[in-house]
Amino acid sequence: MRHPTKVFDEWAISGKDKGMEKSHSASVIEILDYALDKINTGNNQFTFLDIGCGNGWVADRLSKNENCILSVGIDGAENMIINANKRQSKAKFFLKDINDFVSKNKFDLIFSMEVMYYLDNPSKVIKNVHNILNPGGRFIIGIDHYFENKDCHNWQEKVGTQMHLFHEKEWINFFKNAKFNNIFSWRANSNDWAGTLAITGTK
């Protein structure tokens, strides 16, 4: 089994990151539309963090939102960050180990798409995310690799890297154990497949 960052580095070099951007876009837009509709910061301005930002397309997209005053993307794959910085975006991108990153900044909206199940200890990272949210802030994730999606059960072997396969209830429990409030889940973009498991909670 190779480390996930090695796999994503290769994908960034080969251009597969652009395919991921295209294939994930419908789910990501639905998930972010939900979160943006519920921004509750008083003046509607917000700060945004994308955990596992890949080539930076989501953080770049959010940086263009008139109410977004800071958009940040972090990723553990160096070549993904290199690709992200080529965008010349208003968003800021940083190479970070997601398993144990810390942040001086706190955020109103933290997002992660197709990342959490690659991590050493997703529950620990979700608790860490809670610590860097502003009061009332929201964490929202999308994952395609979860037990109820039978089509994904062979992905670990196909890709050759660690992928935790948890039930939806287990992911929800991670949010509960991290002291999130107003936890809600649904299947995004579920027209002709199981859909992206979206889970969200507030601080």
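Helices (H or I, at least four residues) and strands (E, at least two) are DSSP runs, numbered from the N terminus. This is a predicted model, in which local features need pLDDT of at least 70 and side-chain atom pairs count only at pLDDT 80 or more, while totals for chains, interfaces and linings use all residues. Residues are numbered from 1 along each chain as its sequence is written, and side-chain values use heavy atoms, with hydrogens and water left out.

Strand β2 has partners to meet. Strands count as paired if DSSP finds at least two bridges between them. Strand β1 (residues 46-51) runs parallel to β2, joined by 6 bridges, and T47 stands opposite L70 in β2. To get from β1 to β2, the chain passes through α3 in a right-handed β-α-β crossover. Right-handed means that, with the strands pointing away from the viewer, the path from the first strand over the helix to the second runs clockwise. Strand β3 (residues 92-95) also pairs with β2 in the parallel sense, over 4 bridges; there, V72 has K92 in β3 as its bridge partner. Helix α4 (residues 78-85) carries the chain from β2 to β3, and this β-α-β crossover is right-handed.

Now to the helices. In helix α5 (residues 122-131), 7 of the 10 residues are buried, so α5 is largely enclosed by the rest of the structure. Among the buried residues of α5 are P122, V125, I126 and H130. The buried residues of α5 pack against β1, β4, β5 (133-143) and α7 (168-177), where contact means heavy atoms within 4.5 Å. Helix α1 has its own buried set, P4, V7, F8, D9, W11 and A12, and the buried residues of α1 pack against α2, α4 and α6.

Just after α1 comes G15, with a positive phi of about 90°. G15 is found in the loop between α1 and α2 and, at 27% relative accessibility, counts as partly exposed. Follow G15 across to M80: the two are 65 residues apart in sequence and 10.0 Å apart in space, C-alpha to C-alpha.

Finally, where are the pockets? On a 1 Å grid over the protein atoms alone, a pocket is an open set of points where a 1.4 Å probe fits, with protein on both sides within 12 Å along at least five of seven lines; lining residues have an atom within 4 Å of a point. The largest pocket has a volume of about 440 Å³, and its lining has 29 residues, with F8, G52, G54, D75 and V115 nearest the centre. Elements giving two or more residues to this lining are α1 (4-14), α2 (16-37), α3 (57-63) and β4 (107-113). Helix α2 gives the most, with 4 residues.

The second largest pocket holds about 300 Å³ of space. Of its 14 lining residues, W11, K16, M20, H24 and Y118 are the closest to its centre. The elements α1, α2 and α6 (155-159) each give two or more residues to this lining, and α2 gives the most, with 5 residues.

Technical notes
Grid points are joined across faces, edges and corners, and a volume is the space filled by probe spheres set on the points. Buried means under 20% relative accessible area, exposed over 50%, partly exposed in between (1.4 Å probe, protein chains only).
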